[in-house]
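Take a look at the model below. This report covers a pair of helices and then the nonpolar cores.

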Amino acid sequence: MVPCPDDASNYAPLQVQLQETHKALDTQLQLLQESLEDDPLACSEGREMLTRTWDMRQTHSEEKWENARPNLLESMLSAEWTLDQSCDHCHTKRAVIRCRDCLPKHLFCSDCDLAVHRNYVLHIRDSVVEGFYKALPPTCRIVQDGSGAHEISEKACLLPIASPHNLCNCDTQDIAINAGRAIILVEINGRYDLSLPLVTCKSCLKTWTPGLKDLQSNGYWPGNVDFQTVYSTDVFHTFEEFKVSAPGLSRQAFVKMLVDRTSNFGRAGRISGDSFQRSFLEWTYCRHEKEKLLAVDHFSCPACMEDIAAISVDGNRKMYRFNRTKGADESGYFDGAFFSKDKEVAEFVEGIRSRIRPESGRGVCGKSQWKAARETAKKSGSKVDEEGVEDAVCRHGILFKALNMFRGEIYAYPLFLKKGGFFWP
Ligand SMILES: [Zn+2]
Ligand SMILES: [Zn+2]
Ligand SMILES: [Zn+2]
Ligand SMILES: [Zn+2]
């Protein structure tokens, strides 16, 4: 209740209350002042408070790393030390191979290595017999000669692939699996020189070796139609993810990374960038066709499907292409899927021009002038084929449709995207 101003007896308690509030405020301000003046590192509370700030947390982390550095170096050096240890599998013979992909049982004698890694040829193994770890290709094994010295011998490695359960009706004892034709496998750890398995029945002489369909159903993709080289589809997925997160990453850089990994793991051989690119594009094309059958649509926005509020259309003139890089007259893999067909765009632009005489100068809308919406634009140079791209995007950043610009940004281009029925029915 508000006291009556004429009633002096009501003022006294109000003044006391105000004085108390001021006193409490002063005390709080004093405390705050003191806390700012105090050395924050003098007490654990102060330290805790300050470590909450970003730079202090950074400094704290820096100090911890600096203190740990000598230990880290020492541990790194001692990790390179190869002890004389027994095999983790038979526990009797001396370990000659280390395979980190087989952790926790990572040490192998020669026989156990052969037995286990017959089926795991893609494991990355190191030899330990020379007193240090040395990367060993899957086609090499370590054997002991008569004098007990260790030496490296070659062995055939089969491409990991599921073989048929019932090759024939003969006894399973009659089935032999041998190395067939040589094949190169490229996966995320680089290149492997392997052989295709050749399954033979010794009784009825029926044979089986993987065909294209078998390779594809086991996660491989042919590098060429005769599949002398196969890529794991996983490496294509990785490349695609890299290209989405870092569009500037070149195919050469990715292939170089694969070549480096090949040699780092003790293997050798080149990887053809052109073959990789071609195979990758064929894979993306087939996946696109599959998605079409499944009615997967990447170019529609679930939020905008019912009622499109706004569409932005803009051109990017940095995405040009020189005449000389046009290549042969082969059709694109995704012709018309996202980029409109050049012929249809050209016909539309010509159709507009035949009906309306274009006026030069900037496009006008009310009192505003628009450079990007002019009615005519000249080609900028004879060396350039496509001058850029123009695309339509909704407010959620979903791309709808695009076209190749063969001249500057003219109004007919967004009109094509609109009238083409791709959006705004
Ligand atoms: Zn063993
Ligand atoms: Zn292993
Ligand atoms: Zn048989
Ligand atoms: Zn949208």
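A helix crossing is left-handed if the near helix is turned anticlockwise from the far one by less than a right angle, and right-handed if clockwise. Keep in mind that this is a predicted model.

**The helix pair**

Helix α7 passes helix α8 in a right-handed crossing. The axes of the two helices come within 10 Å and cross at roughly 110°. That makes α7 roughly perpendicular to α8, because angles of 65 to 115 degrees count as roughly perpendicular.

Which residues of α7 and α8 make the contact? The table lists them.

| Helix | Residue range | Contact residues |
|---|---|---|
| α7 | residues 251-264 | Arg251, Gln252, Val255 |
| α8 | residues 273-293 | Gly273, Phe276, Gln277 |

By class, this contact of α7 with α8 has 2 nonpolar, 3 polar and 1 charged residues.

**The cores**

The largest nonpolar core has 22 residues. Which of them touch the most other members? They are Ile183, Leu185, Val186, Leu194, Val230 and Tyr231.

Strand β7 gives the most, with 4 residues.

Now pick out Leu185. Leaving aside neighbours within four places in sequence, Leu185 is in contact with Leu159, Tyr192, Leu194 and Val230.

A second, separate core has 13 residues. Its members include Val345, Ile410, Phe416 and Leu417.

Conventions. Residues numbered from 1 in each chain as written. Chains lettered and ligands numbered in written order. Predicted model: local features only at pLDDT ≥ 70, side-chain atom pairs only at ≥ 80, totals over all residues. Axes fitted to C-alpha atoms, helices over the stretch in contact; angles between N-to-C directions. Parallel < 35°, antiparallel > 145°, perpendicular 65-115°, else oblique. Contact = placed C-beta atoms within 7 Å. Nonpolar A, V, L, I, M, F, W, Y, C, P; charged D, E, K, R; others polar. Core = buried A, V, L, I, M, F, W, Y, C linked by C-beta atoms within 7 Å. Buried ≥ 20, exposed ≤ 12 C-beta atoms within 10 Å, placed from the backbone.
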